[in-house]
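Please keep the sequence and the model in view while reading the numbered points.

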Amino acid sequence: MTRVLVPLAILEGESVSPGLTTLLEPVDVTVLGYHELPEQTPPDQARLQYEERATEALEDLVEMFRVGGSEADHRLVFTHDREQTIDRVAAETAADAYTIPGASGQIERVLVTLTGDVAVDRICSFVGELIGPREIGVTLFLATDDEAGGRELLETAADTLSAREIDVRTELAVDTLPFEALLEAGIGHDAIVVGEQAPSLRSLVLGEEAERIAVESVAPVLVVRRLESPVDDGNRAE
């Protein structure tokens, strides 16, 4: 079953929009509640102080996903390293993707970018499972300097999704700044799917560009992961 990890700064009141909850209805969800600690604060100390409040908030969020039809569970982690924690829990739960929350109402069309060194087949497979037979359109986007190769890649990917009866459009940006073109293409879309760039998910997902996509598009961002091994941060409270 396809699984999506939803990391949230749980003690800061970070939550999910109704649109994201609805979008994730066909997949399993793990809500990762994390709290990033100052270097000098022991995780065990924070756990004693905050665990009950954080767990109550997580249980409420999990119930939101279950009401929509998702199979949902949660993890709680007090950590000194947010990025490493998300890496580890994503690997431990075998999550296919994870989210950067954004504001969204009804999801009508999703932008899927295939730009860069990403696993196109894996992205298309994930999108197919996510969208399924629902009346949600998909726009496949690619920014490249190779127009002919770009069109061929988009057509192949579009055929894969069309075979699942998904409404697919394509958009090709040639000889433009890829990131700026992506932001422009995101206008009019309710969520964005990107692929994790090699060599690690930190380079895109937890970096400046992914956060900027989420902020400037004001839409949830789902990042399709590359397969990788678990990382042990030693600061779990699950």
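This is a predicted model: local features need pLDDT of at least 70, side-chain atom pairs count only at pLDDT 80 or more; totals for chains, interfaces and linings use all residues.

1. Helix α4 (residues 120–131) packs against helix α5 (residues 147–162) at an angle of about 30°, and their axes lie 10 Å apart. That angle makes α4 roughly parallel to α5. Axes are lines fitted to C-alpha atoms, for helices over the stretch in contact, and angles run from 0 to 180 degrees between N-to-C directions. Angles under 35 degrees count as roughly parallel, over 145 as roughly antiparallel, 65 to 115 as roughly perpendicular, and the rest as oblique. On the α4 side the contact is made by Val120, Cys124, Val127 and Gly128, and on the α5 side by Leu153, Ala157, Thr160 and Leu161. Contact here means heavy atoms within 4.5 Å. The crossing of α4 past α5 is right-handed; a crossing is left-handed if the near helix is turned anticlockwise from the far one by less than a right angle, and right-handed if clockwise.

2. Residues are numbered from 1 along each chain as its sequence is written, and side-chain values use heavy atoms, with hydrogens and water left out.

3. The secondary structure of the protein chain comes to 7 helices and 9 strands. Helices (H or I, at least four residues) and strands (E, at least two) are DSSP runs, numbered from the N terminus. Of the 238 residues in the protein chain, 52% count as buried. Buried means under 20% relative accessible area, exposed over 50%, and partly exposed in between (1.4 Å probe, protein chains only). Among contacts between residues at least 6 apart in sequence, 84% join residues at least 24 apart.

4. In what order do the strands of the open sheet stand? The order of the 9 strands is β3-β2-β1-β4-β9-β8-β5-β6-β7, and the pairing is mixed. Two strands pair if DSSP finds at least two bridges between them. From one strand to the next, the twist averages 25°.

5. At one end of the order, strand β2 (residues 28–36) and strand β3 (residues 72–79) pair in the parallel sense over 8 bridges. Between them the chain passes through helix α2 (residues 43–68), and this β-α-β crossover is right-handed. A crossover is right-handed if, with the strands pointing away from the viewer, the path from the first strand over the helix to the second runs clockwise. Thr30 stands opposite Asp73 in β3, and the bridge partner of Tyr34 in β3 is Val77. His35, also placed in strand β2, counts as buried at 16% relative accessibility. Leaving aside neighbours within four places in sequence, His35 is in contact with Leu11, Tyr50, Val77, Phe78 and Thr79.

6. α4 lies across β1 (3–9), β4, β5 (109–113), β6 (137–144), β8 (191–195) and β9 (221–224), running at about 130° to β9. α5 lies across β6 and β7, running at about 165° to β7. Phe126, found in helix α4, is buried at 3% relative accessibility. Leaving aside neighbours within four places in sequence, Phe126 is in contact with Thr2, Val4, Asp96, Ala97, Val193, Leu222 and Val224. Phe126 and Val193 are 67 residues apart in sequence and 9.6 Å apart in space, C-alpha to C-alpha.

7. Not counting residues up to four places away in sequence, Leu24 touches Val4, Val6, Val29, Phe65, Ser70, Thr99, Leu130 and Leu222.

8. Ala94 has a positive phi of about 55° although it is not a glycine, and its place is in the loop between α3 (82–92) and β4 (97–100). Ala94 is exposed, with a relative accessible area of 53%. Glu165 has a positive phi of about 65° and is likewise not a glycine; its place is in the loop between α5 and β7 (168–174). Glu165 counts as exposed at 72% relative accessibility.
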